[in-house]
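Visitor: I would like to learn how to read a model like this one. Could you take me through it feature by feature?

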Amino acid sequence: MFNSIVKDKNYKNLFNGDWVTSNNTIDIISPVDNSLVGTIPAMSKDEANIVIQNSKASQKNWANMAISSRAEVLHKAAALLDENVDYLSQLMQVEIAKDKHSCIAEIKRTADFIRFTADAGKHLEGETIGADNFPGFKKNKISFVTKVPVGVVLAISPFNYPINLSASKIAPALIGGNSVILKPSTQGAISALHLVAIFHEAGVPHGVINTITGRGCEIGDYLVTHNDIDFINFTGSTQVGKHIAVIAGMVPMIMELGGKDAAIVLCDADIESAGRDIVTGAFSYSGQRCTAVKRVLVINDVADSLIYELMKNIKLLKIGNPEDDCDITPLIDNKAADYVQELIDDALGHGATLLCGNKRNANLFYPTLFDNVTTDMRLAWEEPFGPLLPVIRVKNIKEAIDIANRSVYGLQTSVYTKNIDDAFNIANKLEVGTVQINNKPERGPDHFPFSGTKSSGMGTQGIRYSIEAMTRLKSTVLLINP
Ligand code: NAP
Ligand code: G3P
């Protein structure tokens with residue numbers, strides 16, 4: 001199945017059912033050992049335009065196919081994904097340096113996601129509304145409200161979940177009757193192309209799923225401003241997301257962007273369990289998750305005991321290579337590691353207390369914990385996207401909420417406490433998409449709504465919510481003559 005997508009390590013794009021090359025290519029280098037994983041095409045704008053026209057032309061037939069038949073194709077894709085877990089997991093380990101355990105979990109989770117989406121699609125229902133519900137109208141008018149596809153969906157995914165955050169756009173778009181163009185992150189594109197090969201093999205008709213690879217900075221603006229793109233489903237940085245939102249014009253979109261998720265720890269929390277949970281939340285996949293814990297706001301009275309637990313759990317983290325299933329693996333590139341270093345140096349310069357870490361071997365960064373971080377430090381506000389956790393000591397709950405809400409981001413916040421009233425009262429005041437009580441921030445399970453406020457995005461992901469976003473209501477009104 002994967003033989004057709006590559007020749008001599010040169011990967012191809014899927015266009016109208018064929019795997020095609022472009023004149024220019026981009027080398028994909030492994031963050032683990034700097035080896036060449038392969039090359040991907042750098043598609044030109046003219047080629048991209050042909051792809052978009054093809055996606056547009058192919059969509060109508062797919063939309064006319066019964067939802068139950070579209071669901072069958074998705075079920076087949078999920079089964080193929082399950083069959084290829086080991087192969088895909090090895091590829092991801094090399095391409096994005098994600099640990100083996102997390103790669104396997106991502107692929108299995110994605111197969112479940114696709115199955116659940118297929119079944120959710122079968123419950124896509126419209127409604128009828130009588131006119132007489134509104135004052136002055138009689139029973140002689142009925143609106144038949146149905147859900148129809150938006151058209152061509154441009155799915156743009158980030159490097160950190162190349163399979164899952166591509167499929168979480170593709171599957172809901174397909175079940176809704178749309179055609180999809182996937183523009184994967186350049187680093188991660190090879191894994192994402194394999195996912196698309198699976199949808200193709202499962203029977204998604206020619207042109208209903210196409211791919212465009214190439215650097216976002218070169219081809220991205222062209223894609224997001226193209227007249228025949230009907231929906232943009234983007235996950236990535238706030239910087240790129242805001243740029244797209246400004247230039248794309250009147251196109252509906254979902255934007256899942258960055259975060260600075262806080263873990264608020266109250267005096268009555270189970271400190272041992274909170275410490276364990278926060279370390280997993282902050283350091284899994286070396287902190288390269290939008291929902292990673294990116295700051296701890298702890299009431300001063302329990303700060304020392306929490307730090308003891310954090311240190312205890314950090315010492316248990318395995319550092320090294322993805323294939324050895326290490327928790328801390330090399331960051332996606334040296335630039336990412338340089339940025340982590342910048343935030344560390346700023347914190348040290350402003351008097352934060354380094355408890356562990358600040359050790360680096362090229363792009364492999366050791367888990368780093370700071371105490372006594374204050375709000376004049378960049379580390380209190382910026383998203384490191386690396387294994388770096390600041391502890392900010394606060395006097396009381398009010399100060400914790402204030403600092404949590406002063407962030408430009410609003411993705412998730414965790415509250416650790418045994419007092420359910422405090423938990424809900426704090427949750428009511430937090431300006432985020434999701435509040436987790438006694439649990440680390442996280443997106444799943446994938447049928448929950450997942451969204452951010454402020455600079456963390458707009459629109460809502462989550463299986464039913466994604467399908468609803470990528471379908472629109474269409475009303476046909478019947479006037480019944482007396
Ligand atoms: P990124 O640099 O913003 O890239 C995301 C995607 O956008 C990539 O496919 C990229 O392509 C593409 N892109 C770049 N410039 C573009 C343009 N002008 N027009 C259209 N597309 C463009 O993000 P990343 O480094 O992959 O991911 C890390 C960031 O994503 C973090 O900030 C993280 O918090 C956020 N994130 C958020 C969520 C969430 O659900 N909220 C989930 C995961 C990640 P190239 O790779 O070719 O540049
Ligand atoms: O960064 C990806 C984001 O969507 C988080 O997913 O499952 O790690 O919480 P998860």
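Guide: Start with Glu256. Glu256 is buried, at 2% relative accessible area. Buried means under 20%, exposed over 50%, and partly exposed in between, with a 1.4 Å probe and protein chains only. Glu256 sits in strand E13, residues 253-256. Helices (H or I, at least four residues) and strands (E, at least two) are DSSP runs, numbered from the N terminus. The UniProt annotation "active site", from an unreviewed entry, covers Glu256. UniProt positions follow the numbering used here, feature names are shortened, and annotations may be inferred rather than shown by experiment.

Visitor: What ground rules apply to the model?

Guide: This is a predicted model: local features need pLDDT of at least 70, side-chain atom pairs count only at pLDDT 80 or more, and totals for chains, interfaces and linings use all residues. Residues are numbered from 1 along each chain as its sequence is written, chains are lettered from A and ligands numbered from 1 in the order in which they are written, and side-chain values use heavy atoms, with hydrogens and water left out.

Visitor: How do I read a ligand shell, and which residues come nearest to ligand 1?

Guide: A residue is near a molecule if one of its heavy atoms lies within 4 Å of it. Around ligand 1 there are 30 residues, and Thr186, Gly216, Ser237, Leu257 and Glu383 come nearest. By class, the shell has 13 nonpolar, twelve polar and five charged residues. Here Ala, Val, Leu, Ile, Met, Phe, Trp, Tyr, Cys and Pro count as nonpolar, Asp, Glu, Lys and Arg as charged, and the others, Gly among them, as polar.

Visitor: Which elements each supply at least two residues of that shell?

Guide: Helix H7 (216-224), strand E12 (231-235) and helix H8 (238-247). H7 gives the most, with four residues. Domain 1 (3-257 + 457-475) and domain 2 (262-448) each contribute at least three residues to the shell around ligand 1. Those bounds come from an automatic or database domain assignment.

Visitor: Which polar side-chain atom lies 3.0 Å from a nitrogen atom of ligand 1?

Guide: One belonging to Asp221. For polar contacts, look for a pair of N or O atoms within 3.5 Å; within protein, one must be able to donate a hydrogen and the other to accept it, and residues adjacent in sequence count only if both atoms are side-chain atoms. Backbone atoms take part as well. A backbone N or O atom of Ser185 lies 3.3 Å from an oxygen atom of ligand 1. For Gly236, a backbone N or O atom is 3.2 Å from a ligand 1 oxygen. The protein covers 87% of the 910 Å² of accessible area that ligand 1 has on its own. Accessible areas come from the Shrake-Rupley method with a 1.4 Å probe; for residues, only the protein chains shown count as cover.

Visitor: What surrounds ligand 2?

Guide: Its surroundings include Leu165, Arg289, Cys290, Thr291, Glu442, Arg443 and Phe450.

Visitor: Which side chains does Asn13 contact?

Guide: Asn13 joins Thr211 through a side-chain polar contact of 2.7 Å, and Thr213 through one of 2.9 Å. Asn13 lies in strand E3, residues 13-15. At 0% relative accessibility, Asn13 is buried.

Visitor: How should I read backbone angles?

Guide: Most residues other than glycine have a negative phi, and most peptide bonds are trans. Now the cases here. Asn34 has a positive phi, near 65 degrees. Asn34 lies in the loop between strand E5 (24-29) and strand E6 (36-42), and is exposed at 63% relative accessibility. Asn372 also has a positive phi, about 55 degrees. Asn372 is in the loop between strand E19 (368-371) and strand E20 (388-394), and is partly exposed at 34%.

Visitor: Where is the cis peptide bond?

Guide: From Gly444 to Pro445, with omega near -5 degrees. Pro445 is in the loop between strand E23 (434-437) and strand E24 (453-454).
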